Amino acid sequence: MNIGYILINSEQNLSGLKPTISALTRYHLGDAEIVHVLPKDADLKKYKEICPNSYKGQNTVTSLINVGFKKLKSEWGMVLIVGSIVKARIYKKYELFNKSDKDIFYPLVDHHYGFVDASINGLTINRAFFNEIGNFPENEMWKSEEAWEANSFELCKLLWSMDAEEKGCIFKAILGCKIF
């Protein structure tokens with residue numbers, strides 16, 4: 001798998017960026033492509049010193065993912081939250097289950113089996129297939145004070161996953177992914 005990493009930094013976690021990049025370079029065979037995405041109000045200068053491929057999205061996690069896939073050049077993209085440490089060669093585990101470019105992988109964590117309620121930390125998608133499906137929804141109205149606000153991200157994932165299923169994707173929850 002020709003895999004690159006999309007580091008989502010919605011919290012603008014400068015101190016977590018170095019360990020995440022260090023772990024990726026240590027456990028990835030060869031040179032790892034790393035794309036780092038921050039919210040629109042971030043000061044890119046200090047982040048570019050650590051990761052030259054740092055970019056801005058909007059103020060939603062889905063916008064950061066979308067920008068990451070737009071900037072990525074690798075065939076596959078793995079989404080990671082800045083501050084996470086990836087042990088071993090996680091992409092090798094995904095390789096074992098990869099049967100098609102339409103496979104979408106995510107780690108099985110805390111009994112969250114379905115894509116919608118699963119963690120995005122480790123979400124891996126073929127870049128060309130992501131482009132075929134289209135971006136995750138980025139609707140700002142979901143940031144309101146309404147009762148379902150806490151689940152707006154899950155709603156975005158649900159809407160996107162329905163488009164993905166129409167395009168023939170197969171969601172695969174993988175047990176034993178070592179992301180800390």
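Colleague: Why is the pair K172 and D103 called a salt bridge?

Modeller: A salt bridge needs a side-chain nitrogen of Lys or Arg within 4 Å of a carboxyl oxygen of Asp or Glu. The closest N and O atoms of K172 and D103 are 3.0 Å apart, so the pair qualifies. Mind you, this is a predicted model: local features need pLDDT of at least 70, side-chain atom pairs count only at pLDDT 80 or more, and totals for chains, interfaces and linings use all residues. Residues are numbered from 1 along each chain as its sequence is written, and side-chain values use heavy atoms, leaving out hydrogens and water.

Colleague: What makes K172 and D103 a tie between parts of the sequence?

Modeller: K172 sits in strand 7 (residues 170-174) and D103 in strand 5 (residues 103-107), so the pair ties together parts 69 residues apart in sequence. Strands here are DSSP E runs of at least two residues, helices H or I runs of at least four, both numbered from the N terminus.

Colleague: How do you know whether K172 is buried or exposed?

Modeller: Buried means under 20% relative accessible area, exposed over 50%, partly exposed in between (1.4 Å probe, protein chains only). K172 has 17%, so K172 is buried. D103, at 1%, is buried too.

Colleague: And why is E95 with K92 a salt bridge?

Modeller: Their closest N and O atoms are 3.6 Å apart, so that pair passes as well. Both lie in helix 4 (residues 90-97), three residues apart, about one turn of the helix. E95, at 28%, is partly exposed, and so is K92, at 37%. By this rule the count comes to two salt bridges.
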